[in-house]
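I opened my notebook to keep track of what I looked up, one entry at a time. Here is the structure I was working from.

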Amino acid sequence: MIDTDEGISEYLQTLLFPVLPAGLTVSPSRSQFFETESVSLSCEEDDSSAGWTLRRNTTKRTRTQCGGGWGKPAGSTCNINYILPLDTGVYWCESREGASSSSVQLTVTGGSVILQSPVLPVMEGDDVTLRCQANKQSSSLPAAFYKDGSLIRTEPAGHMTLHQVTSSDQGLYQCNISGHGESPSSRISVSDVADEAGDEDLSHSEDVLHTQLQPIRGSKDSDQASVYSAVKIETIRDEAINIRETEELREIHPDPEIIYSSLLLRRSNQ
């Protein structure tokens, strides 16, 4: 119930002049990064007066804002100049009114191999190229590509193209370079024109991103330690949501090659 004239005014303004959604862009445009790389995330605003800011969920903290202990804000852009595995998480734009963009999952590894794949959903019918990149290697190396744990094929040039993708191409992808190790997993999502807005849209302020973590094999450089990569994002809507962490997180800096973390997100109805 709205009790004040100011509250009524703000409510009517929201109805008459709704906040247009922002689009989140990532530069470089990929979902995986080597530690110590730089990355910029920008909220492309249709309504500059909405005051869009970047937020994230990680295994350690939820709904933190750029500049609040991580990243450097520059207008509607957030720059992370020295990214670390602890920056792995889900990122999205949020306005002062609580409107949200769709989210992206960024994975940062201390290992030797990453998979360069689209960070945003791709359109059905598009061609998608995946590249397997070894750290500090200027030339491409032969690489094996996997989908949902099964080998697709080995490419001598280190890149593979999926032609005219459909929903059947959705899944978890990773790659392996012999002698260097394997990448973390990244999800590729395919959307058509009808659902271009995305199932991961965070249009309600009470939505919380629930990230499930799945262990994958570590590269040789990480001494076969378990590296955890976020593999699924889903939104949970309810009138009240309590979030709490149930285990202490082992500090992974300055040895970010091994991540031991767990996160429990519990929904409570009030």
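**Entry: strands and one lysine**

Before anything else I noted how elements are named: helices (H or I, at least four residues) and strands (E, at least two) are DSSP runs, numbered from the N terminus. With that settled, I looked up Lys72 and found it in strand S6. This is a predicted model, where local features need pLDDT of at least 70 and side-chain atom pairs count only at pLDDT 80 or more, while totals for chains, interfaces and linings use all residues. I also jotted down that residues are numbered from 1 along each chain as its sequence is written, and that side-chain values use heavy atoms, with hydrogens and water left out.

Is Lys72 buried or exposed? I had to check the cut-offs: buried means under 20% relative accessible area, exposed over 50%, and partly exposed in between (1.4 Å probe, protein chains only). Lys72 has a relative accessible area of 55%, so I wrote it down as exposed.

Next I asked which residues Lys72 touches, leaving aside neighbours within four places in sequence. A contact means heavy atoms within 4.5 Å. My list came out as Cys66, Thr77, Cys78, Asn79 and Asn81. I also compared Lys72 with Ser40: they are 32 residues apart in sequence, and their C-alpha atoms are 9.5 Å apart in space.

**Entry: confidence**

I looked up pLDDT, which is the predictor's confidence in each residue, from 0 to 100. The protein chain averages 74, and 61% of the residues score at least 70. Residues 9–19 have a pLDDT below 50, and I found eight contacts in the model for this stretch beyond near neighbours in sequence. Residues 197–270 also stay under 50, and there the model has 155 contacts beyond four places in sequence.

**Entry: the disulfides**

How many disulfides does the structure hold? I counted a disulfide whenever a pair of cysteine sulfur atoms sits within 2.5 Å, and there are three. A reminder to myself: a disulfide is a covalent bond between the sulfur atoms of two cysteines.

Cys43 is joined to Cys93, S to S 2.1 Å. The link of Cys43 and Cys93 is left-handed, with -100° about the S-S bond. It ties together distant parts of the chain, as Cys43 is in strand S3 and Cys93 in strand S8, 50 residues apart. Cys43 counts as buried because its relative accessibility is 2%, and Cys93 is buried too, at 0%.

Cys66 pairs with Cys78, again with S to S 2.1 Å. Here the torsion about the S-S bond is about 85°, so I noted the disulfide as right-handed. Cys66 lies in the loop between strand S5 (64–65) and strand S6 (72–74), and Cys78 lies in strand S7, twelve residues apart. Both Cys66 and Cys78 are buried.

Cys132 and Cys175 make another disulfide, their sulfur atoms 2.1 Å apart. The link of Cys132 and Cys175 is right-handed, with 85° about the S-S bond. I traced Cys132 to strand S12 (residues 128–134) and Cys175 to strand S16 (residues 171–177), 43 residues apart. Cys132 is buried at 4% relative accessibility, and Cys175 is buried at 1%.

Counting bonded cysteines along the chain, I got the pattern 1-4, 2-3, 5-6.

**Entry: the cores**

I went looking for nonpolar cores: sets of buried Ala, Val, Leu, Ile, Met, Phe, Trp, Tyr and Cys residues joined through side-chain atoms within 4.5 Å. The largest has 21 residues, and those with the most contacts inside it are Val26, Leu41, Leu54, Tyr91 and Leu106. At least two of its residues come from each of strands S1 (23–27), S3 (39–44), S7 (77–80), S8 (89–94) and S9 (104–109). A second, separate core has 17 residues, including Leu115, Leu130, Tyr173 and Cys175.

**Entry: a hairpin**

Two strands pair if DSSP finds at least two bridges between them. Strand S13 (residues 143–147) and strand S14 (residues 150–155) run antiparallel, joined by five bridges. Lys147 stands opposite Ser150 in S14. This hairpin has two residues between the strands, and Asp148 takes a positive phi near 55° there. S13 also runs antiparallel to S16, with four bridges, and in S16 the bridge partner of Lys147 is Tyr173.
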